[in-house]
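Open the structure in your viewer and keep the sequence beside it. The tour below says what to select at each stop and what is there.

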Amino acid sequence: MKRFVLIVASLLAAAPALAQAPAAGGPRVPASRAEIGLSFAPVVARTAPAIVNVYALKTTQRNNPLLDDPFFRRFFGDRGGPDVPGFDMPRERIQRSLGSGVLVDRSGIVVTNNHVIDGADEIRLSLSDKREFDAEVVLRDPRTDIAILKIKDGKADFPSATLGSSDDLQVGDIVLAIGNPFGVGQTVTQGIVSALARTQRGITDYGFFIQTDAAINPGNSGGALVDGAGRVVGINTAIFSRSGGSQGIGFAIPADMVRVVLQSALAGSKVVRRPWLGADLQQMTPDLAEGLDVVRPTGALVQNIFPGSPADKAGLRAGDLIVTVAGLEVDDPDAFGFRFATRPLGGTVDLGIVRQGKPVTVRVALAPAPETVPRDEVLLQGRSPLSGATVVNLSPAVIEEMRTIDAVKGVVILMVEEGSPAERTSFRPGDVIIDINGTPIATTADLQRITRVPARSWRVTLQRGGRVISALLPG
């Protein structure tokens, strides 16, 4: 014990000299007993009041499987008899999901994860001071897993947190994760930035995440990742876990991407408008790098270019390797997507490319994907197998939003109602309808006209994931 005390005393005595060793402004060890006792409490005190609990309620149908049998329905009806255990269960139930959110404006604007509120019929927020409010969805962006909510209250004077810049983060920076894990109540955990620019995680379309070892658990989704100055640098969204709990690998959506969605919502837009390159990009591999005479197998390789797109007008060519966006390195197409999508619309950006082994700079306009044809959104009804599907006409804007479409024209399924004939027939968002009963489908009006007329059978040809599928369905 005496030896331990002597070691601590000697370290404290040497601390002032050690603290002066790093370069000015760099990290240092505590220089006194007072510094050893420093706390994150002031940061938490500034930020925690802006963190909310998000309760999403969704009404779903619940059927007793025994009632699917005509024999039981004959005796007990749709709801069953009151004297038969289990048969008087209600046909509807309320599903509740729990998450977190961040107040980013005193008017009651809240940022959370889209998966927290997806499909919810009712959203309720609980503040750190125990006040509760109903909320409405202002904008959902499944591609980034971000949703913007608005508190339904006229007082409009709520605590708010400040969005920082995720580009200012460095690996090793201390961060705090604030949220409501497992519904136990507001909780703060501390860790460091373990990695930056984590891509290809399969969590969102824009796979570019901050990795941290600050404990993140179920219920933390939508909560804040906060830096040492109390600024929100990320929105916690996912964990890597084999047990369901935190194992020190958590992911947060960078604040710079959150800001793009927030600005679209505040501008009154119903969709997030981002710059559009108009080119298909491919992951570099060592074999490709060797064939292109590139030293490092990193960057985004241009495959195809959409005619008339910003990429086409800038002079990009198939085979070009994009390695930087505005001077920032990109390792793969996901990294490029993040860097390009977070640039402000209007103006231009310089792309650093390698063309035939030589460095070239290309200036690309930052413009959104155009709607070359009107969407003409239609909810299909009637007795066809597509009833319950919402369809739109294809355009570069729709293709860019959905990110799963290989076709360049036609009619695409935007969404499918739960429990509808379209869902039971396994139609999916992103399916491009090509032909029905031998009639080519060019517009939503064509599809609506054909599906209004009952038929004994339906032969549907569609494109899904680059494959053409044809199916014969009953009328």
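This is a predicted model: local features need pLDDT of at least 70, side-chain atom pairs count only at pLDDT 80 or more; totals for chains, interfaces and linings use all residues.

Residues are numbered from 1 along each chain as its sequence is written, and side-chain values use heavy atoms, with hydrogens and water left out.

**Stop 1: ring pairs**

Select F209 and F251. Rings of Phe, Tyr and Trp (its six-membered ring) pair if their centres lie within 6.5 Å; planes under 30 degrees apart count as stacked, over 60 as edge-to-face and the rest as tilted. By this rule there are four aromatic pairs. One of them joins F209 to F251, edge-to-face, at 6.2 Å centre to centre and with 65 degrees between the planes. F209 belongs to strand β9 (residues 209–212) and F251 to strand β12 (residues 250–254), 42 residues apart, so distant parts of the chain are linked. Buried means under 20% relative accessible area, exposed over 50%, and partly exposed in between (1.4 Å probe, protein chains only).

Next select W276 and F306. Their ring centres are 5.5 Å apart and their planes stand at 65 degrees, so this pair is edge-to-face. W276 is in the loop between α6 (255–266) and β13 (279–283), and F306 is in the loop between β14 (300–305) and α8 (310–314). W276 is buried, with 8% relative accessibility, whereas F306 is partly exposed at 29%.

**Stop 2: P396**

Which residues does P396 touch, leaving aside its neighbours within four places in sequence? They are W276, F306, A369, P370 and T372, where contact means heavy atoms within 4.5 Å. P396 lies in helix α10 and is buried at 5% relative accessibility. Select V408 as well: its C-alpha atom is 7.6 Å from that of P396, twelve residues apart along the chain.

**Stop 3: the largest pocket**

Select R140, P142, E401, L414 and M415, which lie nearest the centre of the largest pocket, among its 24 lining residues. On a 1 Å grid over the protein atoms alone, a pocket is an open set of points where a 1.4 Å probe fits, with protein on both sides within 12 Å along at least five of seven lines; lining residues have an atom within 4 Å of a point. The volume is about 950 Å³, taken as the space filled by probe spheres set on the points, which are joined across faces, edges and corners.

Now colour β5 (132–141), α10 (396–402) and β21 (411–416), the elements that each give two or more residues to the lining. β5 gives the most, with five residues. The lining divides into eleven nonpolar, three polar and ten charged residues. Ala, Val, Leu, Ile, Met, Phe, Trp, Tyr, Cys and Pro count as nonpolar, Asp, Glu, Lys and Arg as charged, and the others, Gly among them, as polar.

**Stop 4: T390**

Select T390, in strand β20 (residues 389–393). T390 is buried, at 8% relative accessibility. Not counting residues up to four places away in sequence, T390 touches E377, V378, L379, V412, I413, L414 and M415.

**Stop 5: helix α9**

Select residues 333–341, helix α9, where eight of the nine residues are buried. The buried ones are P333, A335, F336, G337, F338, R339, F340 and A341.

Definitions and conventions: Helices (H or I, at least four residues) and strands (E, at least two) are DSSP runs, numbered from the N terminus.
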